[in-house]
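Student: I have a model open on my screen. Can we work through it by question and answer?

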Amino acid sequence: MDISVKTTLAPTHRTACLVVPVFERRKLSATALQLDASANGYLTKILKQGDMDGKAGQTLMLQRIDGITAARVLLVGCGKEKEFDMRQFKDAVNAAMLVLNDSGANDATSYLADAEVRDCTYTQRLRIEAETALHARYRFDQLKTKNDQTEPRLQRMVLNVIEAENLATAKMAVEIGTAIGKGVATARDLGNLPGNICTPTYLADTAQKNAKRYSDMNVKILKQDDIEKLGMGALLSVAKGSRQPPRLIVINYDGGKKGDKPVVLVGKGITFDSGGISIKSSASMDEMKFDMCGAASVLGTMVTVGELKLPINVVGIVPSCENMPDGAANKPGDIVTSMSGQTIEVLNTDAEGRLILCDALTYSERYKPRAVIDIATLTGACVIALGKHPSGLLSNDDTLAEKLRNAGQRSGDRVWQLPLWEEYQDQLKSNFADMANIGGREAGTITAACFLSRFAEKLKWAHLDIAGTAWESGDNKGATGRPVPLLSQYLLDQCGKKYRL
Ligand code: BES
Ligand code: MN
Ligand code: ZN
């Protein structure tokens, strides 16, 4: 779907559908008032009739109104005008898209961003609207031979730009929103693909294919031999339980000056997590195909960065393998040696994410990064602690943590920080090796991060636990593309004023 910006006059604008906000109770927005005047009070009449009073989530599609050029007018309830915030704005865009996707309209022009949003600048609204519209238009049907959903007819969206605003800035906002939308779609596609298709080799091929589209992007794929030479004993110990060969994917983006320290993104790429010998119970085990969503968010964010040609250096590192039970698999009690030289007692083979990430963190040191952020569906405990709304954030650097919290707030892709206190480190004590790979029942998300912190001592490092946010279960089962918006926002913030909306 193509999204563009334009300054238009609603009553005479030629389009298949005008999308217009209405507030509680029956309070017409400025655009709705204009339309009402041209239509001789028709909108007021309809609202009085009781079909809509502007509650959040309500929509009303009106057809062929005398005095209005557009074929349709979609009224979108936005709740109380004073309380309208980013979350409700997103809800309004989603509600509108649900109706538009089901309508016969090929194109639409939206005035939703004309409305004041409490915690959101005008340009931010345009960006969020583009991103949200693309999210709502997304379909994953590449593996269905018969489509059970009708393909939306909507192909083009115009976001109205209020006259007083700068069209060039508005255009930039929509370009950013569109690029994030593309990154999110990339991450969702990879997440939704099943384990038998999306293997470590597939992830590597996809990274290579994507990078070909961007001139400053290069990919290096390390295979079994290369990984052995690096001494990544922890990563290899997980990989050896599977028939799929492991990959270490390194994506280099050099949009910044030569010598500028890069931001490194490390993504957990377990393409299926059965638990290994410490096997998981079978309920919902299919969802462990999503255990590579950290990797997917790295590939997705790289797409956003490439689309926007951001003037910074970024390195994406994805350790990828399957976690399977096998005669050669890790056994509880096995002791492996990581690339850092530290030894690890594998007390539970299902705590495999940290085993592949620790070697990738050590590997990241060679880039002398200005910051390293790892992204992983790491612990079920994070879902228990925080649910599905924020991702967990743990960091050894307060400045970096603050930047990520702030980026989360402004992108609407939020995080919640948990403590990484020294006290918790004791839980990783092993009688036989430098550390155990599990820390017992208490504070599972924190002890997992404590484990990783032992491999990040030389780094400014943050860890995002996306176990609760990377995908949805139930009727809407599917990858969300999070935290691509957060990571993109964080990177945009590193790019100077021009990119600040
Ligand atoms: N990939 C899982 C974490 C996970 C589980 C994410 C369920 C989302 C939903 C991870 O590899 C894992 O199995 N973690 C274990 C760690 C435990 C053995 C210390 C967990 O969370 O149970
Ligand atoms: Mn596991
Ligand atoms: Zn896992």
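**Metal site and core**

Student: Is Asp291 buried or exposed?

Tutor: This is a predicted model. The relative accessible area of Asp291 is 1%. Buried means under 20%. So Asp291 is buried.

Student: Which protein residues are donors of the zinc ion (ligand 3)?

Tutor: The donor atoms lie 2.0 to 2.4 Å from the zinc ion (ligand 3). Along the chain their spacing reads K-x4-D-x17-D-x60-E. The residues are Lys268, Asp273, Asp291 and Glu352.

Student: What arrangement do the six donor atoms around the zinc ion (ligand 3) make?

Tutor: Six donors need opposite ones over 155 degrees apart and all others between 65 and 115. Here the angles run from 79 to 176°. The arrangement is therefore octahedral.

Student: Which residue bridges the zinc ion (ligand 3) and the manganese ion (ligand 2)?

Tutor: The two ions lie 3.2 Å apart. The bridging residue sits in strand E11 (residues 269-273), while Asp291 is in the loop between E11 and helix H9 (293-308), so the pair ties together parts 18 residues apart in sequence.

Student: How many residues does the largest nonpolar core have?

Tutor: Leu265, Leu310, Leu464, Tyr490 and Leu491 have the most contacts inside this core. H9 gives the largest share, nine residues. Another core, of 46 residues, lies apart from it and includes Cys321 and Tyr424. The largest core has 62 residues.

Methods: Residues are numbered from 1 along each chain as its sequence is written. Chains are lettered from A and ligands numbered from 1 in the order in which they are written. This is a predicted model: local features need pLDDT of at least 70, side-chain atom pairs count only at pLDDT 80 or more; totals for chains, interfaces and linings use all residues. Side-chain values use heavy atoms; hydrogens and water are left out. Donors are N, O and S atoms within 2.8 Å of the metal (3.2 Å for Na, K and Ca); water is not among the atoms, so sites may look incomplete. Four donors count as tetrahedral if all angles lie between 85 and 135 degrees; four count as square planar and six as octahedral if opposite donors are over 155 degrees apart and all others between 65 and 115; anything else is irregular. Helices (H or I, at least four residues) and strands (E, at least two) are DSSP runs, numbered from the N terminus. Buried means under 20% relative accessible area, exposed over 50%, partly exposed in between (1.4 Å probe, protein chains only). A nonpolar core is a set of buried Ala, Val, Leu, Ile, Met, Phe, Trp, Tyr and Cys residues joined through side-chain atoms within 4.5 Å.
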